[in-house]
Amino acid sequence: MMKKLISLLVIFALILTLAAGCTGKAPAAVPDDDDDEPSSSAGSGKPGFWGGKNDDDADSGDTPSSPADSGSAPAPADPSGTESSGVSVPADGGSDEIEPSADDGFYHVSSVEEFIQAIGPGAGIIVEKGTYNISEFLADYPNARDRDQWNEEHEFVRIQQQYDGPEIVITGVDWLYIEGATGDSAEVEFIVEPRYATVFTFEDCDNLELFSLKLGHTEAGDCSGDVIYLEDCRNVTMTDMDLYGCGCYGVSAYDSKDIYIYDSHIHDCSFGPFNFSGCRGDLFFDNCVLDGSATGGDYWESDSADLCFFDCTFGQNESYYWSYYSDMARFDNCTFADNSEWADYEYEYEGDGDGQYDWESPEWDFDKMSAVKADNTYLDNTYWMSYMMVDPADGSTTYFPLYDEAAGDYKDIQMMLYDDGTGWFRDWDGPRDITWTLEDDGIVAITDGDCVYRATIYTQEEGDAYYLWIMMDYMDD
């Protein structure tokens, strides 16, 4: 193991200002080509089951023109019925054990079992008012033999075991529509109990639509599972959704294309409201509220994807996050929290071909820094972002984020410290849970599995602001 010294710069919670009358600062919106305000595109249809978009080119490599080019998100269609949408419900979905309604062609379900039975290609599912505990249903399949038998008998839904319990995975289902019966997301709720389980996982699903549902875990706290996870999915629309933590992310998507989220609330997640990695096409939020989560989310920027926010409202941590990464997304008519003033903090590509970024401001100046005894005032509920890495063997310094040529992506290190002594740590090996304590000498002890890192807190004064740094030993092979 090579021992490296990491300095982690907090950029979200602990920039303390001395100036009076500080005002909030919102990320600058990416300018419209024509400077028009976003306008409704109602009547143009939207991707998915109710909009009638032809998705034959989903895997052809041809990317249709993005609604971002017009300065607005595609308008959500009316989910009230097939006549208003101009689309009929395909008849090839669902299960032989329950039958769709003769009146409207939908499967009307009132239990987890009926819900799972109804899932299949082309199925339209209306979920009646109530709370649906998926974990209670899965308790009937306590061992691997029972789960394997279930999976052999069910083509489109499998049971997958996580560290502390099972979850369901919906796979290979195209044109699936799921709607809460009352049209109010507060009245139709799906929950899971295990911390590592995801509420809804979709794999290889095209033209998926979710309407008026509330999803989350049974208890608040730290989770390692997401609320919704998408893998290899295309043309996904969510409208009037309430996605709440402790899930790691409200919506996590990998290798997926064209995700549209309307009129939804994503909040109180352990890591952030969303995580998009390896995604393509449109990644749109329209009239959504993102608040109460640890950060603003994770987005692995790609030339083949457009992340856009239209008429969205961001909470305090989310606003902090996007103040530093506003160039990665488009913001039209969005509202940000009135946070304390923060520094002009950004990085720009050096252009010397080494793939590294240079974090210009604030500058690390050890001569201006003072070590301080750590206490909870400095550390409780703080989010930290890596700044630079020093190899004490030769003094070489590397600035974050690092560019990994093999992966074609950027890497950094992030850390969250909660006021109950828990937290999480993320590097290129992924996220993991940590604990932390304050020692008598003012050093912070951070426990990551079998490793204990010792960290020192420093302050640095720059004009009217004080910056807080953590310098810690970090083991990296």
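A salt bridge is defined here as a side-chain nitrogen of Lys or Arg within 4 Å of a carboxyl oxygen of Asp or Glu. By this criterion, a search of the whole structure gives 7 salt bridges. The structure is a predicted model, in which local features need pLDDT of at least 70 and side-chain atom pairs count only at pLDDT 80 or more, while totals for chains, interfaces and linings use all residues. Residues are numbered from 1 along each chain as its sequence is written, and side-chain values use heavy atoms, with hydrogens and water left out.

The chain contains 6 helices and 38 strands, taken as DSSP runs (helices H or I, at least four residues; strands E, at least two) and numbered from the N terminus. Of its 477 residues, 53% are buried, where buried means under 20% relative accessible area, exposed over 50% and partly exposed in between (1.4 Å probe, protein chains only). Among contacts (heavy atoms within 4.5 Å) with a separation of 6 or more, 61% are between residues 24 or more positions apart.

An open sheet is formed by 9 strands in the order β3-β4-β8-β11-β14-β17-β20-β23-β25, with parallel pairing; two strands pair if DSSP finds at least two bridges between them. Strands β3 (107-109) and β25 (330-332) lie at the edges, each pairing on one side only. On average, neighbouring strands of this sheet are turned by 10° against each other, direction ignored, as judged from axes that are lines fitted to C-alpha atoms, with angles running from 0 to 180 degrees between N-to-C directions. Within the sheet, β4 (residues 124-127) and β8 (residues 176-180) pair in the parallel sense over 4 bridges, and Val127 stands opposite Gly180 in β8.

Side chains of opposite charge can pair when their charged atoms come close. Arg158 and Glu203 form a salt bridge with their closest N and O atoms 3.2 Å apart. This pair links distant parts of the chain, with Arg158 in strand β6 (residues 157-162) and Glu203 in strand β10 (residues 200-203), 45 residues apart. Arg158 is partly exposed at 24% relative accessibility, whereas Glu203 is buried at 18%.

A salt bridge also joins Asp255 and Arg280 (3.0 Å, N to O). Here Asp255 lies in the loop between β16 (249-254) and β17 (257-262), and Arg280 in strand β20 (residues 280-286), 25 residues apart. Asp255 is partly exposed at 31%, as is Arg280 at 25%.

In the salt bridge between Arg330 and Asp332, the closest N and O atoms are 2.7 Å apart. Arg330 is buried at 10% relative accessible area, and Asp332 is buried at 7%. Finally, a network of salt bridges links Asp204, Asp206, Asp232 and Arg234.
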